[in-house]
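User: I would like to go through this model with you. Could we take it topic by topic?

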Amino acid sequence: MLTVISKISVIFAVIAVGFFCNKKNILPNSSEPALVNLLILVTCPCMILSSLGSRELDSETLPKTISVIILSAAYFIFSAAVAFLFKNLMKNTPKKDLGVLMIIMTSVNSGFMGYPVTKAIFGDDIFFLIVIQNIVLNIYIYSLGIMQINYGGDRVKVPRGGLKTTIRSILNPNIIAAVIGLILLFGRIRLPEIGMELIDMLGAVTTPLSMIIVGMRLANSKLTVVLKNRDLVLTAIISMIIMPILVFLGVNWLPVTSDVKLLMIWCTCFPTAVVTVGLTSKCGRNATLAAEGLALTTVMSMVLLPIYATLLSGYYGI
């Protein structure tokens with residue numbers, strides 16, 4: 001447990017570095033898009049390939065993969081239903097914005113933030129499972145997630161480009177890397193040693209880079225304004241506290257391995273997915289509200305993730 005706390009402390013110290021560098025204009029706001037592109041297009045796909053490409057296929061991998069796919073799909077359907085019920089508590093939010101609150105409740109940042117944090121804390125075995133979960137997450141966001149965002153509007157608005165754009169969005173670099181990694185894994189294909197060394201080196205940059213970006217974003221968050229929105233605060237509490245508790249109660253009794261149980265609960269502990277801000281904007285909804293939800297849940301995760309990681313590690317012995 002002390003090891004988990006130590007790893008978390010280092011990760012959050014890097015977030016503080018990003019916060020400081022932004023405030024001191026060492027890393028100004030104008031540098032964030034380039035850093036995000038480097039993360040999403042280069043280092044994160046390399047981290048995925050590094051992990052999957054170096055694994056050995058065994059008799060446990062396939063059942064765990066199937067379990068995570070089924071449970072992840074079940075979770076997103078369940079969480080969407082819970083969000084639909086909880087929306088009735090939002091008395092001060094216009095009906096056309098309720099869908100934005102619903103996507104804040106149900107989407108999780110298990111990719112951009114989840115990958116590096118999970119790998120650093122729980123290692124390659126749990127990281128492999130979160131890569132599988134993220135494939136289901138992307139399918140959910142660009143299907144049921146878009147329907148949620150459009151709740152309360154005149155009609156469902158699909159981002160420009162229609163089906164082709166949606167498919168292209170699902171097939172982002174991380175998902176493509178995950179698919180290639182799974183092909184390498186199940187095909188028992190090994191990349192040349194020099195190629196793996198390059199991929200390993202680039203993938204190692206992901207954790208510090210992503211945490212620095214999180215710190216930069218927190219430096220620009222206006223929480224005093226966000227905290228005045230009671231419906232948004234309630235939404236964040238449901239997302240960051242109620243959902244993990246409900247999932248724990250739901251999966252803890254299931255006949256699956258402890259690492260699958262931990263993974264399913266752990267995934268619900270992350271803040272709102274970054275992509276929801278762009279999607280709400282493309283769908284013509286309240287992107288500012290989505291951004292505020294992202295900021296609030298991210299700040300809450302700074303406090304809650306260390307607690308969740310410590311509790312889950314101790315409870316499941318991982």
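**Working notes on the model**

Analyst: Thr-298 is buried, with a relative accessible area of 9%; buried means under 20% relative accessible area, exposed over 50%, and partly exposed in between, using a 1.4 Å probe and protein chains only. This is a predicted model, in which local features need pLDDT of at least 70 and side-chain atom pairs count only at pLDDT 80 or more, while totals for chains, interfaces and linings use all residues. Residues are numbered from 1 along each chain as its sequence is written, and side-chain values use heavy atoms, with hydrogens and water left out.

User: Where is the place of Thr-298?

Analyst: Thr-298 is in helix H16, residues 287–316. Helices (H or I, at least four residues) and strands (E, at least two) are DSSP runs, numbered from the N terminus.

User: And which residues does Thr-298 touch, not counting residues up to four places away in sequence?

Analyst: Thr-298 touches Val-214, Leu-218 and Pro-271 under that exclusion; contact means heavy atoms within 4.5 Å.

User: Changing topic: how many aromatic pairs does a search of the whole structure find?

Analyst: The search finds eight. Rings of Phe, Tyr and Trp (its six-membered ring) pair if their centres lie within 6.5 Å; planes under 30 degrees apart count as stacked, over 60 as edge-to-face and the rest as tilted. Tyr-75 and Phe-76 form an edge-to-face pair, at 5.1 Å centre to centre with 65° between the planes.

User: Is Phe-76 buried or exposed?

Analyst: Phe-76 is buried, at a relative accessible area of 2%. Tyr-75 is also buried, at 9%, and Tyr-75, Phe-76 and Tyr-140 form one aromatic cluster.

User: What about Phe-84 and Tyr-151?

Analyst: Phe-84 and Tyr-151 form an edge-to-face pair as well, with 5.7 Å centre to centre and 85° between the planes. Phe-84 lies in helix H3 (residues 61–86) and Tyr-151 in the loop between helix H7 (144–149) and helix H8 (162–170), so the pair ties together parts that are 67 residues apart in sequence. Phe-84 is partly exposed, with a relative accessible area of 39%, and Tyr-151 is partly exposed at 24%.

User: Which residue lies over the face of Phe-84?

Analyst: Lys-87 does, at 3.7 Å from the ring centre. A charge sits over a ring if NZ of Lys or CZ of Arg is within 6 Å of the ring centre and within 35 degrees of the ring normal. Lys-119 likewise lies over the face of Phe-127, at 5.2 Å from the ring centre.
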